[in-house]
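Visitor: I would like to know what stands behind some of the terms used for this model. Please show it to me before we start.

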Amino acid sequence: MSLARGPAIIRNLNRFDVLNTIRLHDNQISRSELAEVTGLSQATISSIVSHLIKEGALVEEGSHPLAIRGRGRPLVSLRLAPNYMHVAGVKIATHQIVVSLTDFTGNVLTSENISCEPLEFTASHLADFVAKAVRVCVKKAKMEFSDVSGVGVGLPGYVDCASGTVYWSPVFQSRNVEFGAMLSPKFDVPVFVENDANLVTLAEHWFGLAKGLKHVSVITIEHGTGSGLIINGNLFRGARGIGAEFGHTKLVFDGPPCQCGQNGCMETHTAGFAILREAQAVGFRIPAKKLDYHARLDLLRKVVERAENGDQRYRKIFQQMGQYLGLGIANLVNLINPERVVVCEGAVTCSHLYGESLRSTIREMVIAPLRDNVDLMIHHWGDEVWARGAASLVLQELDQRDTTPVRQVLSVPKAAKRRRRRSVKGEK
Ligand SMILES: [Zn+2]
């Protein structure tokens, strides 16, 4: 049996390469371009493409942009068929759960924001809640759950996607939660649990500022500081799935306490809670009672406002944040030499306050050969990024795991099977 697996694995990898390449080319590419970009032969591309068309995953269109420029045989564009597959994405944050449904191209069909504090749930109740929320979201899109091919769940903390284990997360009271195992029985489709910053990284890599790049570092700044790495075009996870925890790299001995339980982590100088702590030190009043996410956000916005109004004590807080972030990014650049570093801001935008000190620290600390080539981009993300990230995760995993033999289309997803049945019956 093991002899037969070799070619099957290669076929799956080739199939994944083809689908991935189409996505990275704005969902429009010709067969010859596919061969050129993937390095696969024309014959292999033809075989894979024809099976993907038969499965309903790809459609042909005769309007490729190159067709009007060239002579001879017109080029046929290949596109992903949006309705071939639908996936559900869930983002669990400390203050809310966002559930969304996306199609095969990553377009968000529907999205649901539920305000709640997951920390008040037990892990098993949270799994029940997520399962119900996904079904409600699917219903809202006027679809059946059997139309969904996979579920991707993102949450902050140390997450091993391969096993579904959450070693630590601010949304759980306990450590080492087998969250993937709790969720799986509630869905009859594959479920993938992943660190939320990795979802943002995948979304940036498939649709955003890191699109198609080989080596990229994505850093998220919100209540915590997260990060993801794309190395050689793939998400880097490390040996136990929790590589690239940039926010918990250490900057100082005996530094401020971090939410992870240790001290002196990067995020104790760069995340929202760090800004509030520094503001309090210069006299900003923070109520002693326990604050929820929205109350903390309001306070953070007030701190930003004071800095914007020119109060030097508050401006210094953000300058210092830029320096620490710059120090960490310089170390990262010196370590992995990425093509680009993308800093993504969440609900609060403050890069106009820390951007200058961030860039000057990077210039100062990156080694000479790389100093002039640091490509740093900062942008603000919307809620949609989580949904697209979850979609990227699920589609990527399903594309890679697909065991459809090239000559026998056996494991067509249910939605595609139904569509095929409908088309046989002549229904729309
Ligand atoms: Zn930490």
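The questions below take up helix packing, a sheet and a nonpolar core in this predicted model.

Visitor: Which residues make the contact between H8 and H9?

Guide: H8 contributes Gly272, Ile275, Leu276 and Ala279, and H9 contributes Arg296, Leu299, Leu300 and Val303.

Visitor: What makes S12 and S13 a pair?

Guide: Pairing requires at least two bridges. Two bridges join S12 (residues 225–231) to S13, so the two strands pair. They run antiparallel, and Ile230 has Leu235 in S13 as its bridge partner.

Visitor: Which are the edge strands of the open sheet?

Guide: The order is S13-S12-S11-S14-S15, with mixed pairing. S13 (234–235) and S15 (376–380) each pair on one side only, and these are the edge strands. Helix H6 (residues 196–207) packs on the sheet and touches S11, S12, S13 and S14. The direction of H6 makes about 45° with that of S12.

Visitor: Which residues touch the most other members of the largest nonpolar core?

Guide: Of its 108 residues, these are Ala88, Val90, Val153, Val193, Val303 and Val394. Helix H10 (residues 312–336) gives the most to this core, with 10 residues.

Visitor: What does Val90 touch?

Guide: Leaving aside residues up to four places away in sequence, Val90 touches Ile97, Val99, Val130, Val134, Val151, Val153 and Ala390.

Conventions
Residues are numbered from 1 along each chain as its sequence is written. This is a predicted model: local features need pLDDT of at least 70, side-chain atom pairs count only at pLDDT 80 or more; totals for chains, interfaces and linings use all residues. A nonpolar core is a set of buried Ala, Val, Leu, Ile, Met, Phe, Trp, Tyr and Cys residues joined through C-beta atoms within 7 Å. A residue is buried if 20 or more other C-beta atoms lie within 10 Å of its own, exposed if 12 or fewer, and partly exposed in between; C-beta atoms are placed from the backbone. Helices (H or I, at least four residues) and strands (E, at least two) are DSSP runs, numbered from the N terminus. Two residues are in contact if their C-beta atoms, placed from the backbone, lie within 7 Å. Axes are lines fitted to C-alpha atoms, for helices over the stretch in contact, and angles run from 0 to 180 degrees between N-to-C directions.
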